[in-house]
2 protein chains.
Amino acid sequence: MTTDTPVQAPIYNRVALIGLGLIASSMYWAIKRGGLANEVTGYARSTETRETAREIGLCDRVCDTAIEACEDADLVVLCVPVGAMESVAREIAPALKKGATVTDVGSVKKSVIEAVGPHIPDGVHFVPGHPLAGTEHSGPRSGFAELFDNRWCLLVPVEGSDPAEVARLRALWEGMGSNVEEMEADHHDLVLAVTSHAPHLIAYTMVGVADDLRRVTDSEVIKYSAAGFRDFTRIAASDPTMWRDVFLTNKEATLEILGRFTEELFALQRAIRTGDGEHLQDYFTRTRAIRRGIIEAGQDTDAPDFGRIKKDAT
Amino acid sequence: MTTDTPVQAPIYNRVALIGLGLIASSMYWAIKRGGLANEVTGYARSTETRETAREIGLCDRVCDTAIEACEDADLVVLCVPVGAMESVAREIAPALKKGATVTDVGSVKKSVIEAVGPHIPDGVHFVPGHPLAGTEHSGPRSGFAELFDNRWCLLVPVEGSDPAEVARLRALWEGMGSNVEEMEADHHDLVLAVTSHAPHLIAYTMVGVADDLRRVTDSEVIKYSAAGFRDFTRIAASDPTMWRDVFLTNKEATLEILGRFTEELFALQRAIRTGDGEHLQDYFTRTRAIRRGIIEAGQDTDAPDFGRIKKDAT
């Protein structure tokens with residue numbers, strides 16, 4: 001036994017990961033790192049993904065059907081795009097054992113609860129979740145054990161969720177490195193519209209605009225991207241299917257925030273047009289303070305440019 | 001003589017840095033690193049900044065007036081916000097020696113040329129410039145020698161710029177680590193509106209919206225910022241005075257790009273409202289390719305999340 005071996009007992013005997021993208025693959029490596037389950041099964045719809053998973057040793061056992069992966073699982077984690085949750089829930093429902101827990105990692109909670117909830121059999125627990133972690137990469141090869149370290153995971157228990165099973169799922173996420181909080185579904189969807197969904201749509205839009213401009217060639221936009229634009233392109237490189245589903249299922253909150261955004265943007269455009277420097281400077285001074293708060297909350301680095309620049313040690 | 005000592009001769013005998021913020025302080029350390037000048041003088045309007053510069057050894061000589069700093073300088077670099085360029089140019093004009101070159105580091109070129117050009121005395125060269133480098137930090141303590149390494153610096157020679165002096169300034173920037181290109185002022189201002197000015201205003205706006213929302217408390221927005229929002233806050237933490245001046249002086253190009261942006265954003269909002277998933281997915285797939293181009297162009301890292309996440313070496 002090395003000093004790295006975790007001393008805690010596994011939290012679940014068998015965990016099934018349905019869908020093997022960035023989040024599921026990171027969960028697998030984090031579960032192994034922490035010794036949090038005795039066996040992890042995995043399933044992905046695409047043959048190619050299953051083959052990749054087998055090749056890189058992702059999951060103790062990769063199954064050819066979702067049913068097989070869920071058999072005798074104590075925890076089933078739905079790691080598919082939000083728009084695919086309902087069909088997957090319907091498919092696996094007959095295979096769920098009594099006393100098992102179903103959770104998910106979807107970025108939207110209200111619509112997932114509406115889609116999955118009705119398919120959960122009596123005697124099976126349903127505890128929706130959402131790890132606020134990710135990168136711009138996707139697919140089975142993109143996962144790594146540290147993805148959830150010091151990141152938040154929001155659990156959104158539904159009516160009748162067994163507190164003991166919520167606590168058990170919390171222990172799993174904590175074991176994977178996350179800080180866990182519980183939240184209501186509606187509130188979750190609004191908070192995420194502000195912190196994630198609207199910023200992603202805005203980044204996608206700005207990158208699309210740059211791509212459209214024929215007078216400023218693509219190569220120039222790319223060449224001189226370090227001036228600010230490249231930060232948008234990272235966000236706008238995230239998985240297209242996942243994000244399509246997020247916007248379609250968190251429609252109301254996202255559109256509300258985007259409405260607010262457009263209103264503010266028009267006010268700033270007016271200030272530029274009329275030369276109202278005071279308004280601009282006041283606005284920019286206020287936003288600077290928020291950055292400070294994020295760094296103090298330990299949610300980002302204070303290193304200039306995200307630490308991209310490597311200073312000499314001299 | 002260590003192996004680190006540069007072998008090239010200094011490019012200028014005396015360089016004067018007017019304004020001692022992030023760019024000027026980085027220039028000082030980069031000039032020293034490369035042995036690119038025999039003496040660098042510095043001046044800042046604020047007593048506090050001058051005191052800080054003396055304390056940290058920023059500049060070989062910190063002067064109490066801009067006139068004094070410019071005396072006998074072969075190169076004078078205007079490192080003040082774009083809106084302050086004209087008054088500084090007027091102030092130093094009498095102190096400029098024949099044959100000297102004046103350059104600047106402003107983010108907007110057309111308005112700086114209009115503001116500074118008329119004050120340049122006969123026999124003094126004027127070669128506007130713009131290093132596309134920066135961080136969200138500002139002030140004399142924020143500079144470091146590596147800021148310009150592998151970043152672009154755009155030179156925007158005006159009518160009558162002496163090619164030999166343009167080449168000399170190019171050599172200085174290359175000595176500081178930059179790749180240098182020449183560009184027309186109007187084209188520069190449009191390219192920067194796309195790659196920098198519009199993205200900054202958009203980031204400022206999104207952060208302002210989040211700050212305004214009272215139902216989603218500040219602490220929640222900050223706490224859960226890693227979901228995408230925090231990338232916007234870094235950009236929106238940039239120097240408020242500098243950015244006020246950028247928008248006021250590159251008004252036309254910035255408003256044009258923002259108009260395009262709003263148009264696209266409305267189209268995507270409509271797609272969300274009407275549930276047009278195909279439109280969204282096509283759009284998001286297209287923007288992903290641009291990210292790839294930026295990484296291939298060596299202008300950003302492919303490490304997930306800008307390399308923020310430190311993977312174990314195990």
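Trainee: How many salt bridges does the rule find across the interface of domain 1 of chain A and domain 2 of chain A?

Mentor: The rule finds one there. A salt bridge here is a side-chain nitrogen of Lys or Arg within 4 Å of a carboxyl oxygen of Asp or Glu. In this case Arg234(A) pairs with Glu136(A), and their closest N and O atoms are 2.9 Å apart. One caution: this is a predicted model, where local features need pLDDT of at least 70 and side-chain atom pairs need pLDDT 80 or more, while totals for chains, interfaces and linings use all residues; side-chain values use heavy atoms, without hydrogens or water. Residues count from 1 along each chain as its sequence is written, and chains are lettered from A and ligands numbered from 1 in the order written.

Trainee: Which residues make up the two domains of chain A?

Mentor: The bounds come from an automatic or database domain assignment. Domain 1 of chain A runs over 12-183 and domain 2 over 187-302, with their C-alpha centres 30 Å apart.

Trainee: How many residues of each domain are in contact?

Mentor: Contact means heavy atoms within 4.5 Å. Here 20 residues of domain 1 of chain A touch 17 of domain 2 of chain A.

Trainee: What area do these two domains bury between them?

Mentor: The size of an interface is often given as the accessible area lost when the parts come together. It's taken with a 1.4 Å probe and summed over both parts. For these domains it is about 1,400 Å², with 58% on carbon and sulfur atoms.

Trainee: How many residue pairs are in polar contact between domain 1 and domain 2 of chain A?

Mentor: A polar contact is a pair of N or O atoms within 3.5 Å; within protein, one must be able to donate a hydrogen and the other to accept it, and sequence neighbours count only if both atoms are side-chain atoms. The count is six residue pairs, both residues at pLDDT 80 or more. On the domain 1 side, helix H5 (110-116) and strand S8 (152-155) of chain A each supply at least two residues.

Trainee: What about chain B and chain A: how many residues does each give to the contact?

Mentor: Each chain gives 110 residues. The buried area is about 10,600 Å², and carbon and sulfur atoms give 67% of it. Six salt bridges cross this interface, including Lys223(B) with Glu181(A) at 3.0 Å, N to O. There are also 28 residue pairs in polar contact, both at pLDDT 80 or more.

Trainee: Which element gives the most to the side of chain B that touches chain A?

Mentor: That's H7(B), with 22 residues. Helix H7 spans 185-212, and other elements giving two or more residues include helix H11 (251-274) and helix H12 (277-296) of chain B.

Definitions and conventions. Helix = DSSP H or I, 4+ residues; strand = E, 2+ residues; numbered from the N terminus.
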